[in-house]
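Good morning, and thank you for coming. I would like to take you through some local features of one structure, chain by chain.

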Amino acid sequence: MQIKIENLSYVYSPRTPFEKTALKDISFTVNEGDTMGIVGATGSGKSTLSRHLNALIRIQSGRIMLGDADLSQRKVDLKAVRKKVGMLFQFPEYQLFADTVRKDVAFGPMNFGINDAEASAAAAEALSLVGLDIAEVGDKSPFELSGGQMRRVAIAGVIASKPEVLVLDEPTAGLDPAGKREILELVKKLKSSFVKTVIIVSHNMDEIAEYCNRVAVLDEGRLIADTTPDGLFNHSDVVDNTELDYPHTVKIKRKLAKRGFVVDSPALNVEQLTEGILGRLAE
Amino acid sequence: MKDVTLGQYYPGESFTHKMDARAKLVLVIAFIVMVFLAKNFLSYIAVMLCVIGAVLVSRIPVSKMLKSIKAIIMILIFTGLLNLMFYNGETVYWSWWRFNVSLEGIIFSVKMVLRLVLLVMGTTLLTFTTTPTGITDGMESLMTPLKYIKVPVHDIAVIMSIALRFIPILSEEVDKIMMAQKARGASFDTGGLVSRAKALLPILIPLFVSAFRRADELAMALDARCYNATPNRTRYQVMKFGWRDLLGALGTAAFVVLVVALNNNFWGAYRAVESVWWLFAV
């Protein structure tokens with residue numbers, strides 16, 4: 001399913017002293033199979049944009065086509081849209097509410113009209129995908145779990161309804177390095193099953209460079225780049241002109257280049273950088 | 001959630017915005033007394049003029065003011081109807097079982113509703129033009145005499161300002177949690193009363209959990225910074241009684257005098273008004 005965004009603009013509290021333009025005339029297309037990163041400084045409109053994708057924010061002006069569904073239409077079937085586009089918020093563990101993990105994870109599927117037995121099967125599957133055993137944690141209260149486990153339960157709650165598109169808002173915020181890696185590997189794993197398209201909103205350039213095949217850059221509500229990580233970090237000056245940063249591997253590559261050791265590799269992850277350096281050394 | 005106007009600051013640079021918070025608090029109290037003093041319609045008109053004048057001076061858009069009335073519309077309808085039905089008047093127009101609609105009842109309920117509307121408008125003007133911090137600082141300053149009878153005035157002020165500060169934070173939190181649950185297919189505006197109430201649970205529970213977590217963190221942060229270790233804290237913004245406050249006080253005093261005078265038909269001094277005696281009478 002293709003997501004097509006056309007001339008999207010959004011203003012918070014229009015016609016009041018609190019008026020704030022969040023998005024200005026944004027257009028781009030996310031194709032099925034993409035892992036798209038959305039980056040930008042705080043307040044650049046990333047979250048506003050991502051919340052448009054499953055109609056949590058209704059469109060003020062412009063258009064979003066979700067496959068054949070036009071989100072700018074008044075009568076769009078919200079449940080169908082939200083079933084197709086799963087959204088994981090920042091710090092999702094703060095949205096857990098049910099008395100057992102099983103019920104919390106099954107909340108989504110039940111809302112989307114699946115019967116009890118199937119919802120509970122979906123919950124078991126989602127929990128095992130995030131590496132938790134329903135027999136072990138299913139009847140515990142989500143508030144008894146550790147922080148990392150709570151986040152995984154929350155993720156299971158989103159993927160239990162088997163969304164085709166997964167939107168992740170700062171999925172790794174507040175996690176330790178191992179936890180970050182786990183979450184991103186999980187996203188990768190999901191992409192080889194029912195999730196077709198992933199959109200990651202992030203501040204972390206390392207993650208974007210390593211996991212995304214495309215990246216959109218927002219700056220004060222405008223789309224200033226729609227390119228690949230290689231294009232953004234190696235072949236443009238966008239990063240220098242905004243408050244973004246280079247991924248660590250690209251930083252190393254650039255420092256080496258300054259000292260006259262030019263590595264011919266996109267250096268988007270450690271492997272690429274190492275190979276580039278080794279290749280250069282072998283010459 | 002974003003549309004809750006009751007008690008929300010509306011930024012501006014007007015005369016009223018620049019007044020001392022303490023003066024505004026005292027004037028609001030005077031205003032409330034004035035509303036309750038008003039007896040006949042002429043004095044109500046004087047109070048109305050006072051409110052209209054205050055709104056004009058504060059440059060708060062009228063639509064914003066009307067929104068604050070919208071928030072209490074149910075209360076208005078309820079009190080209006082109750083007073084209309086149960087007032088024991090003499091000129092009865094219509095009666096059924098225990099309900100009596102009389103001329104006096106109509107007049108009384110119109111006054112009642114008018115009184116509520118004026119009260120809300122006057123007091124929201126305070127919260128529209130004064131930041132929550134300003135209000136609590138003003139209250140603390142006004143309550144200073146209570147310190148001598150060992151009332152923990154400063155603590156009360158801190159508690160109040162924290163409570164006020166947390167309203168927008170929690171309202172934002174509600175927004176966020178609502179969005180997250182909506183993304184999981186929850187809907188809050190369909191179904192009957194019971195299913196709607198049930199649908200609130202996925203919001204309320206995370207909200208309470210986060211409110212307690214925040215309170216804990218805040219308490220720790222206050223402790224970590226040795227809050228209240230010194231008895232007399234100084235202020236960043238020192239409050240000063242200025243010419244605006246004097247002018248405001250004089251204006252309000254004039255209206256209070258006018259209301260009292262109108263209540264008493266200017267103690268009989270103003271003959272011409274007798275031709276419209278009924279306005280005084282009701």
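A residue is called buried when its relative accessible area is under 20%, exposed when that area is over 50%, and partly exposed in between. What is shown here is a predicted model.

Let me apply that cut-off at once. Is A:Glu170 buried or exposed? The relative accessible area of A:Glu170 is 9%, and because the limit is 20%, the residue counts as buried. A:Glu170 sits in the loop that joins β7 to α7 (177-191) of chain A. Its backbone also deserves attention: the phi of A:Glu170 is near 45°, a positive value in a residue other than glycine.

A:Lys162 is not a glycine, and yet has a positive phi of about 50°. Its place is the loop between α6 (147-159) and β7 (165-169) of chain A. With a relative accessibility of 35%, A:Lys162 is classed as partly exposed.

One more loop residue in this chain is A:Gln73, found between β5 (69-70) and α2 (78-84) of chain A. A:Gln73 is partly exposed, at a relative accessible area of 46%. Helix α4 (residues 116-129) of chain A packs against α6(A) at an angle of about 130°, with the two axes 8 Å apart. α4(A) and α6(A) are therefore oblique to each other. The crossing of α4(A) past α6(A) is right-handed. Which residues make this contact? From α4(A) they are A:Ala126, A:Leu127 and A:Leu129, and from α6(A) they are A:Val153, A:Ala156 and A:Ile159. By class, the contact has 6 nonpolar residues, no polar and no charged ones.

The other pair in chain A is formed by helix α11 (residues 248-258) and helix α12 (residues 270-282), whose axes come within 9 Å and cross at roughly 20°. α11(A) and α12(A) are therefore roughly parallel to each other, and their crossing is left-handed. On the side of α11(A), the contact involves A:Thr249, A:Ile252, A:Lys253 and A:Leu256; on the side of α12(A), it involves A:Val270, A:Leu273 and A:Ile277. Sorted by class, the residues of this contact are 5 nonpolar, 1 polar and 1 charged.

We move on to chain B. Helix α2 (residues 21-37) of chain B packs with helix α6 (residues 103-129) of chain B at an angle of about 175°, their axes being 10 Å apart. That makes α2(B) roughly antiparallel to α6(B). Among the residues in contact are B:Phe31, B:Ile32 and B:Phe36 in α2(B), with B:Leu118, B:Leu119 and B:Leu126 including themselves among those of α6(B). The contact of α2(B) with α6(B) has 9 nonpolar, 3 polar and 2 charged residues.

Next come two individual helices of chain B. Helix α3 (residues 41-58) of chain B has 18 residues and reaches 25 Å from its first C-alpha to its last, close to the 26 Å expected at 1.5 Å a residue. Its buried residues include B:Phe41, B:Leu42, B:Tyr44, B:Val47 and B:Cys50. After α3(B) comes B:Arg59, with a positive phi near 55°.

Helix α10 (residues 201-224) of chain B has 24 residues and spans 34 Å from its first C-alpha to its last, close to the 34 Å expected at 1.5 Å a residue. Which residues of α10(B) are buried? They are B:Pro202, B:Ile203, B:Pro206, B:Leu207 and B:Ser210. The cover over the buried residues of α10(B) includes α3 (101-111) of chain A, together with α8 and α9 (193-199) of chain B. Just after α10(B), B:Cys226 has a positive phi of about 55°.

I close with a loop residue of chain B. B:Leu146 lies between α7 (132-142) and α8 (153-183) of chain B, and is partly exposed, with a relative accessible area of 34%. Leaving aside neighbours within four places in sequence, B:Leu146 is in contact with B:Val151 and B:Val153. B:Phe99 is 47 residues from B:Leu146 along the chain, and the C-alpha atoms of the two are separated by 48 Å.

Methods
Residues are numbered from 1 along each chain as its sequence is written. Chains are lettered from A and ligands numbered from 1 in the order in which they are written. This is a predicted model: local features need pLDDT of at least 70, side-chain atom pairs count only at pLDDT 80 or more; totals for chains, interfaces and linings use all residues. Side-chain values use heavy atoms; hydrogens and water are left out. Axes are lines fitted to C-alpha atoms, for helices over the stretch in contact, and angles run from 0 to 180 degrees between N-to-C directions. Helices (H or I, at least four residues) and strands (E, at least two) are DSSP runs, numbered from the N terminus. Angles under 35 degrees count as roughly parallel, over 145 as roughly antiparallel, 65 to 115 as roughly perpendicular and the rest as oblique. A crossing is left-handed if the near helix is turned anticlockwise from the far one by less than a right angle, and right-handed if clockwise. Contact means heavy atoms within 4.5 Å. Ala, Val, Leu, Ile, Met, Phe, Trp, Tyr, Cys and Pro count as nonpolar, Asp, Glu, Lys and Arg as charged, and the others, Gly among them, as polar. Buried means under 20% relative accessible area, exposed over 50%, partly exposed in between (1.4 Å probe, protein chains only). The expected span of a helix is 1.5 Å times one less than its number of residues.
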